[in-house]
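Please work through the following exercises with the sequence and the three-dimensional structure at hand. Each task is followed by a stepwise solution.

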Amino acid sequence: MVTLDKPPPSHGSFFQYRSTLRRDVCRKRTIVRWGVILAGCYFVICFLGYSNISINIKLNDPNDPQSEIRSRDTNQEGIGEHLLQGGLQPPEQDNFQKQEQPAQPVQPAQPAQPAQPAQPDDKPRPPDPLEKPVAKEPEFVHAFIGQQNQEPLYLETVDRNQPWNKTAEKDSIAKWKFNKYLSDRLPLNRDTKDGRHETCSKRVYRKDLPTASVVLVFYNEALSVILRTALTVLKESDPRLIHEILFYDDCSTNDELMAPLENFIAKYPKMRLVRAKQRGGLVKARLYSSREAKGDVLLYLDAHCEPTPGWLEPLLEPIAKNRKAITLPSLDAISWETMEYSGAETIWVIGGVNWLMNMLWYPLPEREKIRREREDPYPITANLRSPTMAGGLFAMDRLYFKELGEYDEQMGVWGGENMELSFRIWMCGGEMLFVPCSKVGHVFKTAHPYDMMGNDGNVVAINYVRTARVWFDKELEFFYKIRPQFRDLEVGDLSSRYALRERLQCKSYAWFIRNVFPELPLEEDLLAAGQFRTDNNMCMDTRGMDLNTANGLHIGPCSNGVNVNSNRFMMYTRKKEVMGLNFCVDSGFGEPVKFNMCHSQGGSQEFTYDTETRQLKQRGNRCLTGDETQSKVITTTCKDNDPTQKWTFEFKYF
């Protein structure tokens with residue numbers, strides 16, 4: 001409503017007055033509109049200016065430790081882009097002079113274009129260093145199965161049309177410790193049987209597995225088994241996962257390993273040959289070959305193996321999940337005589353160790369059965385945690401192998417390196433797994449076909465003592481009680497291995513036994529040890545057969561001096577078990593004494609030592625007796641005055 005300051009005009013001039021009034025109202029409304037617009041622009045300019053000042057203050061806040069990072073990243077990406085789009089200039093940087101830009105010519109006005117739908121920016125967005133990448137879910141596939149019934153390949157150096165020569169066959173077995181004559185006449189790419197358990201075919205594996213360098217170390221090996229190993233690897237492996245097959249020749253002298261081998265390898269792009277200039281032995285050859293390999297994973301095979309379908313993915317996936325995992329295939333047998341393949345569907349044993357540092361096969365412990373059932377939908381073929389390995393066949397992250405100290409370079413030709421690596425893996429943060437779904441055939445020869453570089457006796461002893469002195473801690477003294485002749489053995493400098501253990505911050509050997517292989521008793525778990533001697537000066541003797549349940553415990557003359565026979569070293573535990581270095585004495589109440597796996601359940605393995613009569617007694621008034629007529633230890637009725645029932649211990653802990 002409009003208020004008039006004077007009375008309305010007369011009727012004659014009414015229309016003139018109304019027109020004038022309308023012009024005044026429109027003029028006032030226009031002034032108000034422009035005032036609102038100008039005020040809005042003022043507030044927008046003030047807001048943008050305040051934002052710029054606030055950002056600069058925040059970026060240069062000396063009390064904020066992140067201000068330098070935000071300033072760098074924002075000036076490079078966020079702030080500069082935002083301010084330029086808003087028509088403002090970014091703040092000038094210190095030590096930089098703003099350059100004057102030449103004036104741009106005025107462009108003629110362009111006709112208005114119809115609005116276009118928004119298009120995505122084709123320019124890639126620069127990566128944000130603080131933004132976490134989105135993890136891509138891995139794809140899964142079944143294990144690779146190689147093509148069967150391929151055209152057979154044979155050694156070109158052998159005439160297969162000649163009649164079978166049985167004398168030559170016999171001579172080849174004597175020289176090579178397996179039937180080389182037969183092997184040379186079999187296809188180099190023969191089919192291998194898929195002997196896996198049925199649940200293995202149900203398993204799937206990550207598609208983005210690491211690549212493997214398959215390393216074959218050999219010295220004067222038969223050419224046919226070397227080539228059969230390599231061709232079977234190619235045949236039964238997904239080619240994407242094989243980076244190379246590396247042949248490492250430890251200075252062989254056989255003619256068939258010269259030009260014939262080189263000509264064969266030249267046909268295959270993924271095969272590579274490295275020859276040592278002088279022989280170093282198996283340990284050094286594996287060490288030096290690892291430095292030649294280029295794949296993600298080192299996969300060692302003996303040069304007389306035949307992998308079977310689906311063997312590779314199960315070995316690589318645990319390493320993809322945990323780079324400190326070492327995987328071992330299930331080892332099946334290839335007959336040294338007939339070259340026939342045989343094996344079980346799965347694994348029921350683990351690798352163990354005794355106080356002589358021998359690698360032994362132990363039945364699958366109950367604790368491992370429980371873990372597999374808890375963690376795997378197919379427990380019968382779940383991977384097994386194994387304390388030790390035989391050492392010939394295993395897979396390991398190549399860089400982790402180097403970080404862990406590779407092999408002990410001062411070890412001799414062969415022997416003990418597998419135990420040293422086993423201890424180091426477990427004690428320094430890794431794990432060792434038997435893989436039932438990875439099956440590899442292995443030619444088990446009747447003996448080593450080549451010499452140990454003229455030092456057969458001492459080379460293995462030196463390797464064992466080097467291992468014990470670095471890794472056994474206070475348990476080293478117990479090791480010397482079993483092998484006193486090793487106490488003063490000269491084994492070379494160990495300073496680099498001590499430094500390695502310190503750098504890796506490894507656990508103790510007692511930890512290894514308590515947590516990884518509790519089947520082996522520590523000295524603190526014993527009541528007595530050493531030679532168990534009767535009053536007739538006869539001692540218990542396992543004759544090295546305490547792993548064979550078909551053999552009993554014998555009695556024989558005691559050892560004297562430092563050359564103690566380890567077969568006569570017995571242990572009496574706080575669980576009242578009498579055991580050799582491996583298994584427990586098991587009586588069976590009236591049956592002949594034999595050995596069996598220690599079960600810690602008492603019963604037929606429980607013997608109570610009477611300190612007054614010095615008898616080892618079982619329930620039913622039966623005592624361990626050294627029967628000299630049979631040269632065996634038996635159980636008979638206890639007699640207080642029988643000297644064959646009175647036992648004295650070399651080392652007592654009670």
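The exercises below treat cores, a loop residue, pockets, a cavity and a strand.

The model is predicted, so local features need pLDDT of at least 70 and side-chain atom pairs count only at pLDDT 80 or more, while totals for chains, interfaces and linings use all residues. Residues are numbered from 1 along each chain as its sequence is written, and side-chain values use heavy atoms, with hydrogens and water left out.

**Exercise 1. Describe the largest nonpolar core and the contacts of Phe512.**

Step 1. A nonpolar core is a set of buried Ala, Val, Leu, Ile, Met, Phe, Trp, Tyr and Cys residues joined through side-chain atoms within 4.5 Å. Buried means under 20% relative accessible area, exposed over 50% and partly exposed in between (1.4 Å probe, protein chains only).

Step 2. The largest such core has 99 residues, and Phe512 is among those with the most contacts inside it, as are Trp355 and Leu616. Helix α12 (residues 456-471) contributes the largest share, nine residues; helices (H or I, at least four residues) and strands (E, at least two) are DSSP runs numbered from the N terminus.

Step 3. Contact means heavy atoms within 4.5 Å. Beyond its neighbours within four places in sequence, Phe512 is in contact with Val353, Pro387, Phe423, Trp426, Met427 and Phe517.

Step 4. A second, separate core comprises 41 residues, including Leu188 and Val435.

**Exercise 2. Where is Trp348 placed, and which residues does it touch?**

Step 1. Trp348 is in the loop between β9 (341-342) and β10 (349-353).

Step 2. Trp348 counts as partly exposed because its relative accessibility is 48%.

Step 3. Not counting residues up to four places away in sequence, Trp348 touches Tyr362, Pro363, Leu364 and Ile380. The C-alpha atoms of Trp348 and Pro363 are separated by 6.2 Å, although the two residues are 15 residues apart along the chain.

**Exercise 3. Characterise the largest pocket and the largest cavity.**

Step 1. On a 1 Å grid over the protein atoms alone, a cavity is a set of points where a 1.4 Å probe fits but cannot get out, and a pocket is an open set with protein on both sides within 12 Å along at least five of seven lines; lining residues have an atom within 4 Å of a point. Grid points are joined across faces, edges and corners, and a volume is the space filled by probe spheres set on the points.

Step 2. The largest pocket has a volume of about 1300 Å³. Of its 49 lining residues, Asp302, Ala390, Gly392, His442 and Phe444 are the closest to the centre. Strand β8 gives the most to this lining, with five residues.

Step 3. The structure holds one cavity of 30 Å³ or more. About 30 Å³ of space lies in the largest cavity, whose lining includes Val225, His304 and Met339. Helix α5 provides the largest share of that lining, three residues.

**Exercise 4. Is strand β15 largely enclosed or open, and which strands pair with β15?**

Step 1. Eight of the nine residues of β15 (residues 526-534) are buried, so this strand is largely enclosed by the rest of the structure.

Step 2. Two strands pair if DSSP finds at least two bridges between them. β15 runs antiparallel to β18 (residues 570-573), joined by four bridges, and pairs in the antiparallel sense with β26 (residues 647-652) over five bridges.

Step 3. Ala529 stands opposite Met571 in β18 and opposite Phe651 in β26.
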